[in-house]
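Me: I have this model open and would like to go through it with you. Could we begin with the pockets and then move on to the helices and strands?

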Amino acid sequence: MSRKTLVFGASLKPNRYSHYAIQRLVANKHKVVAFGMKSGDVSGVTIDTELINYNNIDTVTLYLNPKRQEAYYDYIISLKPKRVIFNPGTENPAFYTLLRENNVNFEVACTLVLLSTNQY
């Protein structure tokens, strides 16, 4: 069964890892929603520029640096995801603490590696 993933920090630029992650998630038949600074479409997924109260989010995969994450802590926690993936460059011990306090699992990993090794 496909789990819904929110790609947080999605980019329209094809050379960005968040862009590639959307493509790979879609190719692997995952349900994908995305939030980013610029609206557009990647592999049939619309990048939202406003915070939406998405339902049934299994995974939030982060592509924002720790400083930029701070503004979204409460929002991400409010989605009640089963896990948050901190991709390379997004590691954030302060956010780990908040997630633990709110019973949200997290992984310091790479979404693309997890997908390519069937561990997603």
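Reply: A pocket here is an open set of grid points with protein on both sides within 12 Å along at least five of seven lines. Bear in mind throughout that this is a predicted model.

Me: Ok, what volume does the largest pocket have?

Reply: The largest pocket has a volume of about 380 Å³, and its lining consists of 15 residues, with Gly9, Ala10, Ser11, Arg16 and Arg68 lying nearest the centre.

Me: And what's the lining like by class?

Reply: The lining of the largest pocket has six nonpolar, five polar and four charged residues, and strand S1 (4-10) and helix H1 (17-27) each contribute at least two residues to this lining.

Me: Switching to H4, which residues are buried there?

Reply: In helix H4 (residues 93-101) the buried residues are Phe95, Tyr96 and Leu99. Viewed down the axis of H4, these buried residues fall within an arc of 105°, so they line one face of the helix, whereas Pro93, Arg100 and Glu101 on the other side of H4 are exposed.

Me: What covers the buried residues of H4?

Reply: The cover includes strands S5 (59-62), S6 (83-86) and S7 (105-108), together with helices H2 (66-69) and H3 (73-78).

Me: Which way do the S6 side chains point?

Reply: Arg83 and Ile85 point one way from S6 while Val84 and Phe86 point the other way, and all are buried.

Me: How does S6 pair with S5, and with S7?

Reply: S5 and S6 pair in the parallel sense over four bridges, with valine 84 of S6 as the bridge partner of valine 60. S6 and S7 also run parallel, joined by four bridges, and arginine 83 stands opposite asparagine 105 in S7.

Key. Residues numbered from 1 in each chain as written. Predicted model: local features only at pLDDT ≥ 70, side-chain atom pairs only at ≥ 80, totals over all residues. Heavy atoms only, no water. 1 Å grid on protein atoms, 1.4 Å probe; cavity = no way out; pocket = protein on both sides within 12 Å on 5 of 7 lines; lining within 4 Å. Points joined across faces, edges and corners; volume = space filled by probe spheres on them. Nonpolar A, V, L, I, M, F, W, Y, C, P; charged D, E, K, R; others polar. Buried < 20%, exposed > 50% of the residue type's maximum accessible area, 1.4 Å probe, protein only. Arc of directions from axis to C-beta. Contact = heavy atoms within 4.5 Å. Pairing = 2+ DSSP bridges.
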